[in-house]
Amino acid sequence: MAEKILMKGNEALAEAAITAGCRHYFGYPITPQTEVAAYMAKRMPKIGGTFLQAESEVAAINMVLGAAAAGVRSMTSSSSPGISLKSEGISYMAGCEVPALIVNVERGGPGLGGIQPSQSDYFQATKGGGHGDYHLIVLAPASVQEMYSLTIKGFELADNYRVPTMILTDGTIGQMMEPVSLDAVEVKQFDKPWAACGQRGRDHRNIINSLSLSPEELEQWNLNRYARYKVIEEKEQMYEEYMMDDAEICIVAFGIAARVSKNAIVEARKKGLKVGMIRPITLWPFPTKALKAAAEKCKAFISVELSMGQMIDDVKLAIDCKKPVYLCNRTGGVIVSSNEVVAKIEEVSKM
Amino acid sequence: MDFKKTKGLTDAPLHYCPGCTHGIIHRLVAESLEELGVLDRTVGVASVGCSVFTYNYFNCDMVQAAHGRAPAVATGIKRARPDDIVFTYQGDGDLAAIGTAETVHSAARNENITIIFVNNAIYGMTGGQMAPTTLPNQITQTSPYGRDVTVVGYPVKVCEMLSQVDGASYVERVAVNNVKNIMKAKKAIKKAFQNQIEGKGFSLIEVLSTCPTNWGKSPADAIKWLDENMATYYPLGVYKDKEATKND
Amino acid sequence: MTSSVIFAGFGGQGILFSGKVLATAGLVEDKEISWLPSYGPEMRGGTASCSVIISDTPIGSPIIAEPNVVIAMNRPSLDKYIAVAEKDAYVFYDSSLIDEEITRKDVKAFPIPATQMANDNGITGLANMIMLGKMVKESGAVSYDLIMEGLKKVVSAKHADKLEKNIKALDLGYNF
């Protein structure tokens with residue numbers, strides 16, 4: 001393992017993208033993700049890459065689309081209001097089947113909202129966000145080390161399935177520093193025979209397009225893509241189990257909420273409460289298999305979220321509402337405290 | 001003279017209305033790419049509007065962009081593949097309304113791309129609504145009493161605007177309403193691509209074009225209307241040429 | 001052992017920097033570490049804080065609800081964090097900026113006239129490192145050698161004069 005260094009989450013993510021072979025970053029400043037852009041602005045010129053500060057988030061995502069359509073690994077990063085602006089381009093990328101990495105370092109919303117950490121873009125990230133039938137692959141790091149490893153993984157998944165992939169994180173994970181080892185991982189690269197990069201003797205033209213005026217054809221495109229989504233759902237669910245062996249109550253939380261929940265679980269266990277956690281690492285595909293299994297032995301679930309309760313819907317769906325699911329949450333940029341989670345665990349244990 | 005189909009176009013039949021000048025402009029672009037020998041390394045960016053289907057016509061790799069975003073998409077392609085020849089083909093609504101920011105900023109960056117801007121003073125694909133380039137008092141579906149500049153403001157003169165952008169290398173307005181102008185248009189378009197090959201940066205060719213269907217005119221009357229109304233409001237000529245200025 | 005340290009004061013006092021030096025010192029010892037800044041529009045003059053956890057065991061949340069070490073460099077910060085500090089917590093405060101008696105009797109309070117000391121010793125602006133030096137001495141969160149090593153990692157050799165001044169400040173605090 002490489003020597004550990006202290007890095008901000010946003011910086012580890014940027015370094016990971018470079019490790020993954022990304023040489024084209026297009027962005028626009030917004031708190032709390034600006035470190036990603038600043039890091040890229042420093043590094044890219046030194047390694048023959050492109051850092052371009054676009055005139056808007058809208059332009060930035062379309063530059064990403066262009067670069068990715070031409071077959072290179074490309075990315076953008078933003079925070080909640082900026083992701084709304086990018087949603088048009090993201091929908092086009094999903095429709096064109098152009099793989100790239102989109103990073104959302106979430107802040108409180110709706111509207112201009114605030115700048116403190118939030119998870120209230122869960123629906124937007126996992127249910128679409130833009131128009132049309134599509135999914136993104138959504139990864140939720142819970143540490144600086146995961147900001148690194150999941151960014152590399154995100155590029156690989158995107159290319160492998162030709163599905164744009166999102167890193168959904170928040171201001172805390174983005175801004176915090178932790179020791180991270182920048183392991184010399186072997187990064188998978190993929191051939192892109194579909195890329196629009198000039199024919200140069202190829203016997204056919206490559207066309208990157210999401211338009212069809214034939215409903216039957218468009219239906220077929222969607223069905224084909226959903227067949228691929230099915231494979232992703234089958235093969236790519238990622239999660240972490242924490243103290244689940246004898247757990248009667250199962251917390252479901254991702255990102256910073258999972259970090260807080262870990263503290264709460266340790267405290268609750270001191271009080272004799274049998275509680276554990278399933279931490280989704282992929283938010284889409286949602287780790288339904290692990291939750292289904294947990295529903296067989298746990299008596300209740302608690303969804304801990306920094307939103308008004310968005311992931312809780314997926315928890316209920318995953319377990320077919322076989323067990324009660326409670327919500328423990330704060331919103332608007334307030335981070336749920338360990339004490340609040342412990343109190344919820346105690347409350348649920350008495351039900 | 002041996003008149004042949006250019007290799008720059010596919011065999012797909014064009015969907016444009018009778019009398020529409022898109023076909024001529026397509027041919028000028030395609031011929032230029034063929035003559036410059038770059039077709040094999042060209043990526044075109046289709047926009048939204050009547051020209052949305054250009055990916056079926058230009059005989060090269062193509063990317064279809066969201067409304068107004070073609071210059072941003074082209075920027076991404078060009079930055080990823082600097083050796084490719086990258087062009088956008090956009091209408092007036094796409095380029096001068098919803099895509100104004102992308103247009104101006106790709107010019108400001110002197111992005112080494114070529115933009116073919118087809119100005120026919122109307123939204124064609126959606127059935128004849130007022131465009132950012134619709135002339136004062138011009139009647140359209142959404143300006144049924146004529147464009148009232150006191151209410152909706154004045155047309156946007158793209159070449160004049162971009163001539164003030166330091167980054168832009170070459171900006172010219174041409175028309176395809178008669179043979180002489182078509183020859184001039186060809187020369188301008190070819191030069192715009194030549195500039196890109198030589199790494200000179202941002203070139204935009206505005207082409208005054210007709211829309212007989214939505215103007216409610218015969219093709220012949222449409223040509224006449226372009227001549228008498230559009231060409232006077234949008235004077236033809238070179239608005240910016242960094243090379244020429246350098247040589248002065 | 002887990003040290004949950006909150007540094008707090010005005011933006012511009014080097015709050016985030018001293019936190020980073022502490023975190024880096026912990027890294028040298030291969031401890032589990034987290035460093036979490038307050039972030040936002042408060043740059044100069046506003047409130048700034050950062051939370052540093054150094055632990056022998058994996059860290060759950062990087063957010064510190066009940067610190068066992070507080071370094072306060074202005075009055076609002078002292079008021080805010082002394083209210084939530086753990087019993088027996090170490091509370092260090094810059095007594096040249098904070099004119100206040102600590103009423104809580106169940107914490108170990110250390111008034112340090114750090115800003116005054118920095119001014120008197122020709123190292124204006126390094127009160128943060130004086131505070132950090134005293135904190136290291138009293139709390140034992142990391143050793144003297146480690147904090148010096150941490151400092152050397154954070155302040156690159158390119159800035160030798162800066163490093164020298166920071167060392168001086170740490171020593172002043174440590175020996176206070």
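This report describes the contact between chain A and chain C and the surroundings of Ile232(A).

The model is predicted: local features need pLDDT of at least 70, side-chain atom pairs count only at pLDDT 80 or more, and totals for chains, interfaces and linings use all residues. Residues are numbered from 1 along each chain as its sequence is written, chains are lettered from A and ligands numbered from 1 in the order in which they are written, and side-chain values use heavy atoms, with hydrogens and water left out.

**Interface of chains A and C**

| Item | Value |
|---|---|
| Residues from chain A | 24 residues |
| Residues from chain C | 20 residues |
| Buried area | about 1600 Å² |
| Share of buried area on carbon and sulfur atoms | 67% |

Contact means heavy atoms within 4.5 Å; buried area is the accessible area (1.4 Å probe) that two parts lose on being put together, summed over both. On the chain A side, Leu6(A), Met177(A) and Arg259(A) lose the most area to chain C, together 32% of what that side buries.

The interface has one salt bridge (a side-chain nitrogen of Lys or Arg within 4 Å of a carboxyl oxygen of Asp or Glu). Lys153(C) and Glu3(A) form a salt bridge through their side chains, at 3.8 Å from N to O.

**Ile232(A)**

Ile232(A) is buried, at 0% relative accessible area (buried means under 20%, exposed over 50%, partly exposed in between; 1.4 Å probe, protein chains only). Leaving out residues up to four places away in sequence, Ile232(A) touches Ile137(A), Tyr161(A), Val163(A), Gln237(A), Trp284(A) and Pro285(A). Leu157(A) lies 75 residues from Ile232(A) along the chain, with 9.1 Å between their C-alpha atoms.
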